[in-house]
Amino acid sequence: MRVDIIGGGPAGLFLAILLRRDRFVDDVRLFERNEPDASAGWAVVFPEGSLNALSTADPGVFEAIDRIGVNWTQVEIRCRDSLYLVEGNRFHGIGRDALLSILRERATALGVELHYGQRVTDLADHADADLVVGADGLNSVVRAQIEDEIGPRVEHGSFWYGWFGVEAARPTFAYLFVDTEWGLFQGYVYPSGESWSSLIIYVSEETWQRSGLSAMDVEESLRFCEQVFAAHLDGRPILRRGPAWTRFRHLRCDSWHAGNVVLIGDAAHTAHWSIGSGTRLAVEDAIALAAQLRAQPARIPDALAMYEKARRDRVERFQDAARLSERYFDNVQRYLDFEPIQFAYQLVARSWRITFADIAERDPDFIRRFNAWFHGRATGTPTEIAPSPVFAPAGIGGLRLANRIVTTVPTEGAGLVIGAPPTPGRPAAALVSVGRLVPDLAAARDAGYQLALLDLTARPVADLLADPPGHELAALRARWPAGQPVGAVLGLAAGCDGASRIAEAVAFARVLELSDVDVVLLQAAGDPPPGQVSQVADAVRNETGLAVIVDDGLRTLDAADTAIAAGRSDLCVLRFDSDAGEA
């Protein structure tokens, strides 16, 4: 079998190594457009899971990477004169040039034919190969030649970023947030195991224009950014290799293969760099493709189909997490007024894949301090030992709740129950309909409910925004006791987490706020994927003055703690399994 690999980055080189290591492919040829000594950027990051996969796939490569690079477990978060260190998983940073050198040396030793300075322009030149692998990155020539069969889609991010270096050997990853007169500058600095560190700078379009970066040449922009980050980089110069500023491109393809041509790594898919998984996904692609080719070398089409089947779900989960991480950084201005410890917590949990329990396991001391801070803020009484956030008291207007657990059936220990009749010591909220507003309010008041929620779920948020129920909202407040809170219930359908839908929800929440509404309950209408309603809740809570209850199918205390600790909601509805006695 002859395999031609187009692209000499980590994905292509590691695949070549795996194909030749066990000698189950006789002829492996790799073609790279650049020369071997061409600079290939700054440092790349391997998370612990990727390191484990590397050590299993090729212990020699793993040992060389582990020996040359640098490990860290802490992340450092700097914002508005605060600094927090939070423990996390093990990460490993290594210069990209050093990584490629290791992989080239190993590939050469195994008999891979490496052809550098070879720019591929036509797949017809590789017609003699049994398999052609496109490992040539985001600007893939291979993908371009089979795009009709694979259906690539590219979306551009809205922020500008640059990947640079800085002359400082940092010991750990640092997030830098710098307020300026032109807007917020974000920096991400991480070690390489060498005398320099990598630096990514991230700015919004507005900041890009207001600061004048859009009109500067590259060198001017670097000198400008040196001044912005001087306090965090000890005045060290910022270094450049190759292209500078760009916007991130999100790539997804309907298929990763066509005939005897297959894509791996960034040629097939991209994930925003803020979760540091680009190299990880590339290496895992190589491992998975090599495994399928080894299992059925005589049936290449079947091997390619199985490779894609094995990888697609995992890759798309990473892409979804990366989009959420990107959204966090795009909207981080929303959270700058958080107390530093909560800002740090939310940053660590930004991909929505890391739960409160995960962080507690990784850094129990940080969570102990976080719980004490959260409980002390909720009660006004300083404490050193406290339960998790879901058990902190909460207030909705003048209504005091013992905790932040909300249920829709009578439940012992819940802070608030919605719809069930009130009982002594258990506050309850009544749902009132638009069509029976006056009699429903009277009945709820007579029954002793402490909170009235106007049910607006029959109308989409866009319709409510276009034609607000002003009369009903005025009557809701006027006909309910002055010392007791009122709220509204909004139903959110699938796709509610899109930018325009979130903007509509925030805009209507401001209408509610102006109508003296105290709280909004956001719940699923239909069957939106898990997490979409919580995305809207995050925006509404942090861009308005309303308290937010989220009903997003949460079933565990950990899920509720995760949402509340990150400031995505004030209270959470917990749904109980029919055979479960407790959440």
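Me: In β10, which residue is the bridge partner of Tyr 175?
Reply: This model is predicted; local features need pLDDT of at least 70, side-chain atom pairs count only at pLDDT 80 or more, and totals for chains, interfaces and linings use all residues. Residues are numbered from 1 along each chain as its sequence is written, and side-chain values use heavy atoms, with hydrogens and water left out. Strands are DSSP runs of E, at least two residues, numbered from the N terminus. Tyr 175 has as its bridge partner in β10 Tyr 188.

Me: How many bridges join β9 to β10?
Reply: Strands pair if DSSP finds at least two bridges between them. β9 (residues 173–180) and β10 form a hairpin, with two residues between them. The strands run antiparallel, and the bridges joining them number seven.

Me: Which residue in β11 stands opposite Gly 187?
Reply: β10 and β11 (residues 197–203) pair in the antiparallel sense over six bridges. Their hairpin has five residues between the strands, and Gly 193 there takes a positive phi near 85 degrees. Opposite Gly 187 stands Ile 201.

Me: How many residues of β10 are buried?
Reply: Buried means under 20% relative accessible area (1.4 Å probe, protein chains only). β10 spans residues 183–191 and is largely enclosed by the rest of the structure, because its buried residues number nine of nine.

Me: How many residues are in the largest nonpolar core?
Reply: A nonpolar core is a set of buried Ala, Val, Leu, Ile, Met, Phe, Trp, Tyr and Cys residues joined through side-chain atoms within 4.5 Å. Among those touching the most other members are Tyr 175 and Phe 343. The residues in this core number 94.

How values were computed. Buried means under 20% relative accessible area, exposed over 50%, partly exposed in between (1.4 Å probe, protein chains only). Helices (H or I, at least four residues) and strands (E, at least two) are DSSP runs, numbered from the N terminus.
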